[in-house]
Amino acid sequence: MAKRQSSLGRDMAFNSMGSLFYLLCQWLLTVVVVPLCSFEAAGILTLSISLTNVFFTLATFGIRIFQVSDSQGKYGPGLYISTRVFTCLCSVALCAAFLLCNRQYTAEQVLCILFYMLYRIGEALVDVLAGEEQKAYRFDYVGLSFLFRGLTTLLSFSLVLYCTRNLTLTLLVMAVMTLGVVLAYDGRKVKALTGFRLHLSFRESLLLLREAWPLMLNSALLTLLAALPRYFLEMYHGSELLGYFGSVSTPAVIIQAGCSFIYTPLVAPLSSRFARGDLRDFRRMLLLALGGVLGFAACMFAGAALLGRWGLTLLFGQAILPYAFLLLPVLGSTLCISLIYFFEVPLTIGRRLKVMTAIHGGAVVVAAAVSLLAIPAQGLQGVLLALYASAGCDVLAMAAVTARMCRKAETPA
């Protein structure tokens, strides 16, 4: 695979712009759903996003960092992409099985969750294709994909919901349109870059999945940590209150996505430094990235403190004001989760996968226990308490393990 690095800085900037644009479009979905439909529809959308996050984790199998850090080419592009097709099919089947077994949801909620899961399958396919583009240093391709998919997502969602006031049909059209963009643009670009061929062999894919399964388990646990409090909020207090919480929480995703833009492009250079035992430069690059993440978060907190109440009123009207107090606490919990994802990068490169599993597993137990104790009586405050207790413990443990690993001048096993 030919690598083009002469314009890497320009392409990374273009990738960041595309990522921010895509993030903005996804955020606007949770904004326009209220005036175009209702807060109840916003709650159903939030429920669909939260639940499909768990099955989306199975679809991606946590392989992206593993894929990009595979500097020796142990597995080829065709195997990574073919394996992703298998995991996507399994995730859809499990999502459908979960909904069949869970009788608490209405027919509308079930269909919305399934159609949003179809949309997430498009994102899962893009994830593995973008991994190959990142290895080839073609961040410009990744950026253009974000632009095309962002426009397609926002326009299809807004137009169909405006014309029909039907969230179910809207999510179906959005999913089909986005999948079309993935196949027409991303698939063609990666085919030209790598010449990959799909080879759906479960035996060959199993070799990759057996090596990477701890990453999937870690991603699933971390996704479950964030989703459990919302799940219990909807169970005990209904879709409408979840809709208010989701609406206030939408600006918080900017922190998580913005932080990922800072450290994701560094996976390949961090991997190469760790592989050759250059831990001094590895630590320096990691600390610079951590400083960038914290600096970006500080700017977001300042903006939210100054303009958050006004911005929420502008977007959602006076009805959101009783819940505006949630914004800063939600930003704090989102920062904790962003830092967990940040520390997963060095620990994945260092292959400390079992340690991450133990930490995330313990955090999920904390999230479930606090949710069950606090949410029935305290509602929204209980959600925040569960998020802070679980994510706070997780990020502190991850940071401690990362610091210990970085002090050891050793090569990965």
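Predicted model: local features only at pLDDT ≥ 70, side-chain atom pairs only at ≥ 80, totals over all residues.

Reader: OK, let's start with helix H12. How far apart are its end C-alpha atoms, and what span should we expect?

Author: Helix H12 runs over residues 327-349, and at 1.5 Å a residue its 23 residues should span 33 Å. The end C-alpha atoms are 34 Å apart, which agrees with that expectation.

Reader: And how many of the residues of H12 are buried?

Author: In H12, 20 of the 23 residues are buried, so the helix is largely enclosed by the rest of the structure.

Reader: What does Thr334 touch?

Author: Leaving out residues up to four places away in sequence, Thr334 touches Ala252, Ile255 and Gln256.

Reader: What about the residue Arg351, what is its phi?

Author: Arg351 follows H12, and its phi is positive, near 55 degrees. As background, most residues other than glycine have a negative phi.

Reader: Then what about Arg165, where does that residue lie?

Author: Arg165 lies in the loop between helix H6 (139-164) and helix H7 (167-194). Its phi is near 55 degrees, which is a positive value in a residue other than glycine.

Reader: Is Arg165 buried, exposed or partly exposed?

Author: Arg165 has a relative accessible area of 44%, so this residue is partly exposed.

Reader: Changing topic to packing: at what angle do H2 and H4 pack?

Author: Helix H2 (residues 39-60) and helix H4 (residues 77-101) pack at an angle of about 150 degrees, and their axes are 7 Å apart. Because angles over 145 degrees count as roughly antiparallel, H2 is roughly antiparallel to H4. The crossing in which H2 passes H4 is right-handed.

Reader: Which residues make the contact between them?

Author: From H2 the contact takes Leu51, Phe55, Leu58, Ala59 and Thr60, while H4 contributes Arg84, Thr87, Cys88, Cys90, Ser91, Leu94, Cys95 and Phe98. Sorted by class, the contact of H2 with H4 has nine nonpolar, three polar and one charged residues.

Reader: And how do H4 and H5 cross?

Author: The axes of H4 and H5 come within 10 Å and cross at roughly 165 degrees. The two helices are therefore roughly antiparallel to each other, and their crossing is right-handed. Among the residues making this contact are Tyr80, Ile81, Cys95, Ala96 and Leu99 of H4, together with Leu114, Met117, Ile121 and Leu125 of H5. By class, the contact of H4 with H5 has 17 nonpolar, one polar and four charged residues.

Reader: You mentioned Leu114, so what does Leu114 touch?

Author: Leu114 is found in helix H5, which covers residues 107-135, and Leu114 touches Cys95, Ala96 and Leu99, not counting residues up to four places away in sequence. The C-alpha atoms of Leu114 and Cys95 are separated by 7.4 Å, although these residues are 19 residues apart along the chain. With a relative accessibility of 27%, Leu114 counts as partly exposed.

Reader: Back in H4, is Gly78 buried or exposed?

Author: Gly78 has its place in helix H4, and at 16% relative accessibility Gly78 counts as buried. Gly78 touches Phe196 and Arg197, again not counting residues up to four places away in sequence. The C-alpha atoms of Gly78 and Val92 are separated by 22 Å, with the two residues 14 residues apart along the chain.

Notes
Residues numbered from 1 in each chain as written. Heavy atoms only, no water. Helix = DSSP H or I, 4+ residues; strand = E, 2+ residues; numbered from the N terminus. Expected span 1.5 Å × (residues − 1). Buried < 20%, exposed > 50% of the residue type's maximum accessible area, 1.4 Å probe, protein only. Axes fitted to C-alpha atoms, helices over the stretch in contact; angles between N-to-C directions. Parallel < 35°, antiparallel > 145°, perpendicular 65-115°, else oblique. Left-handed = near helix turned anticlockwise from the far one by under 90°. Contact = heavy atoms within 4.5 Å. Nonpolar A, V, L, I, M, F, W, Y, C, P; charged D, E, K, R; others polar.
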